Amino acid sequence: MSMDGYEKAAETSEVPPGTSKIVKALGAEIFVVNIEGTFHSFPNKCTHAGGPLGRGRLAGSVMQCPWHGSKFDMNTGAVVGPPAKVPMVPFDVKVEGTTIWVRKSPQ
Ligand code: FES
């Protein structure tokens, strides 16, 4: 972990636009998703019932959970389709060179 709390999550080449990748970082399973060249990251745990959201179907910026079909906007974590009611909380993401770094947002 770096001094500012960031941990390496992936290389940019591992997450092409329109895809997501599940990785271990920050003491948990998380995923990194590439929306038109911008990387976002969330816990791999849907807020509805804990499903593996990072394995979902991505259409544009919307990720659909493989378990019960909730939809989340990957730019913000907002719920855009039921049954989930609680938004996903994004990690902070920064890219340095070809490395994607993530951290829990300071409260
Ligand atoms: S666990 Fe994701 S929609 Fe139910």
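Lys24 sits in strand E2, which covers residues 20–25; strands here are DSSP runs of E with at least two residues, numbered from the N terminus. Lys24 is exposed, because 11 other C-beta atoms lie within 10 Å (exposed means 12 or fewer such atoms, buried 20 or more and partly exposed in between, with C-beta atoms placed from the backbone). Between the C-alpha atoms of Lys24 and Ala10, 14 residues apart along the chain, the separation is 9.5 Å.

This is a predicted model, in which local features need pLDDT of at least 70 and side-chain atom pairs count only at pLDDT 80 or more, while totals for chains, interfaces and linings use all residues. Residues are numbered from 1 along each chain as its sequence is written.

The chain as a whole has ten strands and zero helices (a helix is a DSSP run of H or I with at least four residues). Of its 107 residues, 31% are buried. The C-alpha atoms fill a box of roughly 40 × 30 × 20 Å along the principal axes.

Strands of a sheet pair through backbone hydrogen bonds. E9 and strand E10 (residues 99–103) run antiparallel and are joined by five bridges. Within this part of the sheet, Lys94 stands opposite Trp101 in E10.

Note on methods: Two strands pair if DSSP finds at least two bridges between them.
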